[in-house]
Amino acid sequence: MLVLKRKAGESLIIADNIEIKIIEVVDGRVKIGIEAPKSVSVMRKEVIEEISSENKAASGTKNIDKESLKKLLKK
Amino acid sequence: MKISTEYFGDIEINESDIINFEHGLLGFEACKRFVIISEPEMFLEYLQCVDEDFSIPMMNPFLVKSDYELELPEKTLSELEIKEEKDVLIRTVVVIPEDITQIRTNLQSPIVINTQNKNARQIILDDSYPIRYSFYKKEEV
């Protein structure tokens, strides 16, 4: 992994058209501004991981009690 | 073609029913081809992977959240080549734990299917909707 040191107000440019700017650093929290084309998706990593783990939990469904489920919601 | 599944047994599927997830599903990036299996008399459906044996329950989120609203990002519209709203099917992943009162669906990350060309993707919305939306007996309140 490439590691660079930056101060508040400084930026990084990735591949010509993505700018990552350090806006503020307070008490161990960093505020980051990202400018990128709309086609580039930017996500918090923990969100991706949480969704991935929900998908895995969903796929683990075994022997569900169909009768209770049928009562739960009508189609 | 025929596929063998542990959960549904051997099932016969038509090539034309195959839904293509170019990017797979989060956590299951390797599986790109799925079919939808309906559960009779119930709100559940399953996304069954064609190339591996696993399936994911999903549902129509509007059944438990009638004011569910989402604006599809331009990127999704162009990627899935969506031309008309009526061609879009929205489903959300359902987690059914052994304790059924914990049943929940992921409203933050719906599955968007273009029913015309069968292209699909699980997209991620902002956090206005939860990843874990519990709906056990919500309707009865």
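This passage walks through the contact between two chains and some of the side-chain pairs found in the structure.

The structure is a predicted model, in which local features need pLDDT of at least 70 and side-chain atom pairs count only at pLDDT 80 or more, while totals for chains, interfaces and linings use all residues. Residues are numbered from 1 along each chain as its sequence is written, chains are lettered from A and ligands numbered from 1 in the order in which they are written, and side-chain values use heavy atoms, with hydrogens and water left out.

The size of an interface is often given as the accessible area lost when the parts come together. Here chain A and chain B bury about 2900 Å² between them, 67% of it on carbon and sulfur atoms; buried area is the accessible area (1.4 Å probe) that two parts lose on being put together, summed over both. In the contact (heavy atoms within 4.5 Å), 39 residues come from chain B and 28 residues from chain A. Six residue pairs across this interface are in polar contact, both residues being at pLDDT 80 or more. A polar contact is a pair of N or O atoms within 3.5 Å; within protein, one must be able to donate a hydrogen and the other to accept it, and residues adjacent in sequence count only if both atoms are side-chain atoms.

On the side of chain B that touches chain A, β6 (55-59) and β7 (88-95) each supply at least two residues. The largest share, four residues, comes from β6(B). Strands here are DSSP runs (E, at least two residues), as are helices (H or I, at least four), and both are numbered from the N terminus. That side of chain B divides into 25 nonpolar, six polar and eight charged residues. In this grouping Ala, Val, Leu, Ile, Met, Phe, Trp, Tyr, Cys and Pro count as nonpolar, Asp, Glu, Lys and Arg as charged, and the others, Gly among them, as polar.

Salt bridges also join the chains. A salt bridge is a side-chain nitrogen of Lys or Arg within 4 Å of a carboxyl oxygen of Asp or Glu; three are counted between chain B and chain A. In one of them, the closest N and O atoms of A:E50 and B:R132 are 2.7 Å apart. In another, B:R104 pairs with A:E54 at 2.8 Å between the closest N and O atoms. Because B:R104 lies in strand β8 (residues 104-105) of chain B and A:E54 in helix α1 of chain A, this pair joins two chains. Both B:R104 and A:E54 are buried, whereas A:E50 is partly exposed at 29% relative accessible area. Buried means under 20% relative accessible area, exposed over 50%, and partly exposed in between (1.4 Å probe, protein chains only). A:E50, A:E54, B:R104 and B:R132 are linked in a network of salt bridges.

Helix α1 (residues 45-59) of chain A also holds A:S52, which is buried at 13%. A polar atom of the A:S52 side chain lies 3.5 Å from the backbone nitrogen of B:G27.

Aromatic rings complete the picture. Rings of Phe, Tyr and Trp (its six-membered ring) pair if their centres lie within 6.5 Å; planes under 30 degrees apart count as stacked, over 60 as edge-to-face and the rest as tilted. The whole structure has nine aromatic pairs over all chains. The rings of B:F21 and B:F34 are edge-to-face, with centres 5.1 Å apart and planes at 70°. B:F21, B:F28, B:F34 and B:F54 form one aromatic cluster.
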